[in-house]
Amino acid sequence: MDMSTFMQGLTTALEPMNLLWIVIGGFLGTIVGMLPGLGPATAVAVLIPVTFGMDPVSALILMAAIYYGAMYGGSRSSILLNTPGDGSAIAATFDGYPMARKGMAGQALAISAVASFIGGLIAVAGFILLAEPLANFALKFGPAEYFLLMLLTLSAIISLSIGRMVKGFIAMLIGLMLSTFGIDTQTGVYRFTFDIPHLSEGIDFLIVIIGIYAVGEVLYNLLTIDKQKKEKKKIGKVWFDKDQWKRSKWPILRSGPIGFIVGVLPGAGGSIASMISYTTEKQISKKSEEFGEGAPEGLAAPESANNSASVGAMIPLLTMGIPGSGTTAVMLGALIMLGIRPGPMLFESDPGLVWTFVNSMFIGNIVLVIINIALVGLLVKILDTPAKVLYPIILLLAFIGTYTLSYSAIDFFLLIIFGYLGLLFKLFDFPIAPLVLAVIVGSDMEQNFRMAVLSSNGSLGVFFQSPISIGLIILTILSLFYPLIMKLIRNRKRKHASEQRKGA
Amino acid sequence: MKKIILLICILFLAACSNSASGGNDFPTKNVEIVAPASPGGGWDLTARSVQKLLNDNNLVDANINVVNKPGGGGEVGWQYIQSKDAHNLAINSSLLITNNLLGTSDLTHKDFTPLATLATEWQALAVPVDSEFKSLEDLMNQFKKDPKSVKVGVGPALGNDDHLSFVQAVREYDVDPKNVDFLVYEGGGDVVTALLGGHVGVVTTSLSEVKEQHLAGKVRILAISSEERVEGLEDVPTYQEEGLDIVFPHWRGIMGPPDMTEEEIAYWDEKLSEMVKTDQWQEVMKNNDWEGFYKNSSETKKFLEEQTKLYQDLVNDSGLGQ
């Protein structure tokens, strides 16, 4: 890297106009990230006509700011309403919502903003130092490696539902079945489409998220609304305390790099990154039993990971012209219209653009942490909103969000079906996350499995060939059995200790 | 909250006042260009470019909106304009033909009024730069020897232009396309990643997906489906130069609902032919690596009939036919 082009990039990024785009993009991203269904991909797509008249650098800055802004915003509704705004905010419901229910909503919002900020900074630093070697590392991921990565994600999420493992498996299987809807890419055969052309692209996982979380939550509350006492919910302080910070510090620092690396892999993205970092932290934590009950580190870790994943996703986009996520795919289209063709030549042909962009991400994260902390005081008021006002608004947003996905009323029926499914899950105490994650990764997982087997002419040995595969298999086994092993060791220790006590 | 309501009211008023403009015989109301795909994709960007150019050059005396109707590989959007009038156009491509041949749709080009073919991309066959295959002939001879020895990356679906252009190439070498193993990726970008990572031996994709990688010395394009060598890639031969009788355009066009009047067709012929003459359109094509391929309504109709015959043949040979 050339120091002078870097500094030049910093100056360009700090130009008033560009600074304005960062703030607008970050703010817009935070808002769309918060609203269920309206994600960064939609926001960027809607803005494409606006970018037509813009300077390419500003357009790129604006679109990227929306993208990582949404990572900040996505967890707001996870924490306050138990309804994630996007796939990458699902993990934030695990501990963020319990924290809010314990009256620590303000602290939860603040710590997640700070975690996102640090995760973002780690990733920007990673981008500056490691963009090219990491891009080359990502290429080593073939169908076999992708399949194993997704298997790891699913096994990680199953291991979370300890105590109700069978229910977790059932939820995951339903999710995997739902992911088989639509055209089968390898053969072009239509599966479960019932002659409805709209279903040929499968069921959008965002409909599943909005239906199960948002609509399900509303329906569930409808059942219990009369029993809820009209107590004023505690909001708590808007800043976290020393102990919470002490617990979150290392998880945030560990999750940043994890999220960054997963983000660089095309197709993996924030959902997988946040899930893997959450389970990692839960498993190495000494207080793993507090995870799911409102542990601050359980919120901080995935928040750090998903934001750094969104920065990581820029690497394959800019160094190879390969979009790694839905949002970056839309960004690529917009950049091409502006006459910029991201790819291996971009760093040489237009270094000014690249370094301005990198610096804008750095500034953007600073702007966003300020925006989001300033918003905490306002957002926690949502908890004060009476249910009869709040829930209709959530329903309205859920339907609007669903419509923007593909402008089709058929999705409304799916939304309602998944809403009732979500209600059933809550009534019978099934974990929701395994289902949603299975819908997100299911179809890619299947296609990658079949591609891997096809490329090896039918031999399953393909899954044990590369060091990356072996590593992923070991991690998968660990994620399934580590909690059990730990439990055994702890029991033995306790036994041992009590025996010693007896002996003495 | 009050501000939001006010904002909505303003938007509403703006929408009302806009729709009141116009006045000639045609168009009498807002024009709608349907992109049968989600925002951000190729069809969407084509639709938005056409919208912008018609607007900027004051070619059409009405408001032009782009509407996204994704689903079913174009089916949802195309079905939508079938029952509309000449104010509703839709972007199309060869999927209009192949969807029907593959049995996934009842619609054919005969169910619409073709208005223009706008531009084309070319297909490219590429291998990693360190591949043992230095020429198209090397590669094809390997397929002849053992069709399963080299895996072919393609996306996002079998039966598309990427796939069928390859089918046309191998069958000239008497290789049965049914015996070739295709790995189907989600899109052109994924196909190139797989090639760079060495997970497939060769990819068939749009030229724009591999052009930069070729220039950067990371992949080698063995052949291009154009008639003449492409500007900027003078070192890459065409299929014809390599001895195969193949010119394979990956075109995109625009069409209207069935039963349009002569006047309406003439109207769009005039406007669209003027649009493709603008400098801005040249710029759009350059940015997208497209090439001029304009055909007016009647030429397009004839072109679509020829294409249907060719595709019918290729789909049958690929083993995907009904």
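**Chains, core and domains**

Modeller: In chain A, 58% of the 504 residues count as buried. Keep in mind that this is a predicted model.

Biologist: What helices and strands does chain A have?
Modeller: Chain A has 19 helices and two strands.

Biologist: What is the radius of gyration of chain A?
Modeller: It is 23 Å for chain A. A compact globule with 504 residues would have a value near 23 Å, so the two agree. The C-alpha trace of chain A spans about 75 × 60 × 60 Å along its principal axes.

Biologist: And which share of contacts in chain A joins residues at least 24 apart?
Modeller: 80%, counting contacts between residues at least 6 apart in sequence.

Biologist: On to chain B. How many helices and strands?
Modeller: Chain B has 11 helices and 10 strands. Its radius of gyration is 21 Å, close to the 20 Å that the globule rule gives for 322 residues, so chain B is as compact as a globular protein of that length.

Biologist: What part of chain B is buried?
Modeller: Buried residues are 50% of the 322 in chain B. The C-alpha trace of chain B spans about 65 × 40 × 35 Å along its principal axes.

Biologist: Which domains does chain B have?
Modeller: The domain assignment gives domain 1 (23–121 + 249–318) and domain 2 (123–224). The centres of these two domains of chain B, taken over C-alpha atoms, are 29 Å apart.

Biologist: How many residues are in contact between them?
Modeller: In chain B, 12 residues of domain 1 are in contact with 14 residues of domain 2. On the domain 1 side, helix α11 (residues 297–318) of chain B gives the largest share, five residues. By class, that side has four nonpolar, five polar and three charged residues.

Biologist: Now the largest nonpolar core. How many residues?
Modeller: The largest nonpolar core has 250 residues. A:Val436 and B:Ala126 have the most contacts inside this core. Helix α5 (residues 91–139) of chain A gives the largest share of the core, 27 residues.

Biologist: Why does the core lie between domain 1 and domain 2 of chain B?
Modeller: Because both of those domains of chain B give residues to this core.

Biologist: Back to A:Val436. What is it in contact with?
Modeller: Leave aside neighbours within four places in sequence. Then A:Val436 is in contact with A:Ile90, A:Gly175, A:Phe205, A:Val208, A:Ile209 and A:Ile212.

Terms used:
Residues numbered from 1 in each chain as written. Chains lettered and ligands numbered in written order. Predicted model: local features only at pLDDT ≥ 70, side-chain atom pairs only at ≥ 80, totals over all residues. Core = buried A, V, L, I, M, F, W, Y, C linked by C-beta atoms within 7 Å. Buried ≥ 20, exposed ≤ 12 C-beta atoms within 10 Å, placed from the backbone. Helix = DSSP H or I, 4+ residues; strand = E, 2+ residues; numbered from the N terminus. Domains from an automatic or database assignment. Contact = placed C-beta atoms within 7 Å. Nonpolar A, V, L, I, M, F, W, Y, C, P; charged D, E, K, R; others polar. Rg over C-alpha atoms; globule rule 2.2 N^0.38 Å.
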